[in-house]
Amino acid sequence: MSDTVPKTVPGTPPGVGQNISADNGRWSFGGRVAETFEDHISLSVPHYREGHDIVARMSDWFLHEHAAALEIGCSTGALTRKLAEWHKGKGVRLVGMEIDADMVAAARRNCDGIDEIEIRHDDALTAEIEPMDMIVSYYTVQFVRPARRQALFDKIYATLNWGGAFVMFEKVRAPDARFQDMMSTLYTDFKLDNGLGEAEIVHKTRSLKGVLEPFSSQANMDMMARAGFNDKMTVFKHLCFEGFLAIK
């Protein structure tokens, strides 16, 4: 693996892996990102697909006959489709909500022919959402502006039926600088071990400046508590990635 960082052709956004390019502080899910998104994020997020399995298995407690579930920020619809297939024959209705038009198109292609799924091109903060038995956010809240994040938690709590579940997977910050340094270094090692190049890792980090804003585990728990969730716990943890379950 070369120690030199390849020069970028002037006017061309630097590559971040899987033929995806993004400028400094300009990461976007639009354009060609949807074409290789699942492969790209599997190399960047530990146990990405295993997390889908965790969500599906937990949903057995909340998605009974004719229940309804919402995935906020469904990207290509992979998790929404998995939930529909997991509960096939139960009349469970799945809504995948996505703000990016290119991702919406990809999700609709991926979920084509599954009558139980509706893919909506909308913003969860402003959309009208009917009562749900389960709401999932799989690495999405971290992209919501911090100033708007509490409002989203409040809306999620208000939208859930009593006894409903909010499942959230997020990248999280460590509780102090020493631990943050350790987690960041180990996370870089993870990406290098998965075959991402030094230049791709640096370019991706720069592209996410001001776009991806992780909170600490405690800060996420505090926001859920302020929204009204009293019953909540961690259900997954790997380095700086965490899955939460909160029940209304």
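Colleague: Start with α4. Which residues of α4 are buried?

Modeller: This is a predicted model, to be clear. In α4, residues 101-110, the buried ones are M103, V104, A106 and A107.

Colleague: Why do those sit on the same side of α4?

Modeller: Because the arc they cover around the axis is only 165 degrees.

Colleague: And the start of α4? What does the side chain of D100 reach?

Modeller: The backbone nitrogen of D102. A side-chain oxygen of D100 comes to within 3.0 Å of that atom.

Colleague: Switching to packing. How do α5 and α8 cross?

Modeller: At roughly 50 degrees, with the axes coming within 8 Å. α5 covers residues 146-159 and α8 covers 217-227. That angle makes α5 oblique to α8.

Colleague: Left-handed or right-handed, α5 past α8?

Modeller: Right-handed.

Colleague: Which residues make the contact?

Modeller: From α5, R149, Q150, F153, D154 and Y157. From α8, N220, M223, M224, R226 and A227.

Colleague: Next pair. At what angle do α6 and α7 cross?

Modeller: Roughly 130 degrees. The axes of α6, residues 177-193, and α7, residues 198-207, come within 10 Å.

Key:
Residues numbered from 1 in each chain as written. Predicted model: local features only at pLDDT ≥ 70, side-chain atom pairs only at ≥ 80, totals over all residues. Heavy atoms only, no water. Buried < 20%, exposed > 50% of the residue type's maximum accessible area, 1.4 Å probe, protein only. Helix = DSSP H or I, 4+ residues; strand = E, 2+ residues; numbered from the N terminus. Arc of directions from axis to C-beta. Polar contact = N/O pair within 3.5 Å; in protein donor to acceptor, adjacent residues only side chain to side chain. Axes fitted to C-alpha atoms, helices over the stretch in contact; angles between N-to-C directions. Parallel < 35°, antiparallel > 145°, perpendicular 65-115°, else oblique. Left-handed = near helix turned anticlockwise from the far one by under 90°. Contact = heavy atoms within 4.5 Å.
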